[in-house]
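Hello,

Here is the structure I promised to pass on to you. Have a look at it first, and then read on for what turned up.

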Amino acid sequence: KSETITVKKGTPVTWTNQDSAPHTVTSLTTNAFDSGLMNKDDSFTFTFDQVGTFSYLCSFHPAMRGTVIVTE
């Protein structure tokens, strides 16, 4: 499953694991962001300060992917 959202530069985005399985939010851009292990009900917030397209996946479940598009 892949999700895409568009936000303005400077917007914090929060992911919350509502699943019983552990997940991560791991950027496909080296060192951009990584939530680390997120168990059920854990949250991770990242503020997007640069314009661009940022793709990510779950390192445990690589088919779980998303993209954040950041605009001015």
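In the loop between which two strands is the place of Asn 31? Asn 31 sits in the loop between E3 and strand E4 (43–48). Please keep in mind that this is a predicted model.

**The loop between E3 and E4**

Asn 31 has a phi near 60 degrees, which is a positive value in a residue other than glycine. With a relative accessible area of 77%, Asn 31 is exposed. Asp 41 belongs to the loop between E3 and E4 as well, and its phi, near 75 degrees, is again positive in a residue other than glycine. Asp 41 has a relative accessible area of 55%; the cut-off for exposed is over 50%, so Asp 41 counts as exposed.

The loop between E3 and E4 also holds Asn 39. Its relative accessible area is 39%, and Asn 39 is therefore partly exposed. Where does the chain come back to Asn 39? The C-alpha atoms of Asn 39 and Asn 17 are separated by 6.5 Å, although the two residues are 22 apart along the chain. Setting aside neighbours within four places in sequence, Asn 39 is in contact with Asn 17 and Pro 22.

**The sheet**

Next, the strands. An open sheet is formed by 4 strands in the order E1-E6-E5-E3, and the pairing is mixed. Which strands stand at the edges? They are E1 and strand E3 (26–27): each has a single partner strand, so one side of each is left without a neighbour in the sheet.

E5 and E6 pair in the antiparallel sense, over 6 bridges. Here Ser 55 is bridged to Thr 67 in E6, and Leu 57 to Arg 65 in E6.

Is Thr 26 buried or exposed? Its relative accessibility is 17%, and buried means under 20%, so Thr 26 counts as buried. Not counting residues up to four places away in sequence, Thr 26 touches Phe 33, Asp 34, Ser 55, Tyr 56, Leu 57 and Ser 59. Ser 55 and Leu 57 in that list are the residues whose bridge partners in E6 are Thr 67 and Arg 65. The side chain of Thr 26 also makes a polar contact with the side chain of Thr 24, at 2.9 Å.

**The largest pocket**

How much space lies in the largest pocket? The computed value is about 520 Å³. Of the 22 residues that line this pocket, Glu 3, Trp 15, Val 25, Tyr 56 and Met 64 are the closest to its centre. Two or more lining residues come from each of strand E1 (2–8), strand E2 (11–16), strand E5 (52–57) and strand E6 (65–71). By class, the lining is made up of 10 nonpolar, 9 polar and 3 charged residues.

Best wishes

Technical notes:
Residues are numbered from 1 along each chain as its sequence is written. This is a predicted model: local features need pLDDT of at least 70, side-chain atom pairs count only at pLDDT 80 or more; totals for chains, interfaces and linings use all residues. Side-chain values use heavy atoms; hydrogens and water are left out. On a 1 Å grid over the protein atoms alone, a cavity is a set of points where a 1.4 Å probe fits but cannot get out, and a pocket is an open set with protein on both sides within 12 Å along at least five of seven lines; lining residues have an atom within 4 Å of a point. Grid points are joined across faces, edges and corners, and a volume is the space filled by probe spheres set on the points. Ala, Val, Leu, Ile, Met, Phe, Trp, Tyr, Cys and Pro count as nonpolar, Asp, Glu, Lys and Arg as charged, and the others, Gly among them, as polar. Two strands pair if DSSP finds at least two bridges between them. Buried means under 20% relative accessible area, exposed over 50%, partly exposed in between (1.4 Å probe, protein chains only). A polar contact is a pair of N or O atoms within 3.5 Å; within protein, one must be able to donate a hydrogen and the other to accept it, and residues adjacent in sequence count only if both atoms are side-chain atoms. Contact means heavy atoms within 4.5 Å.
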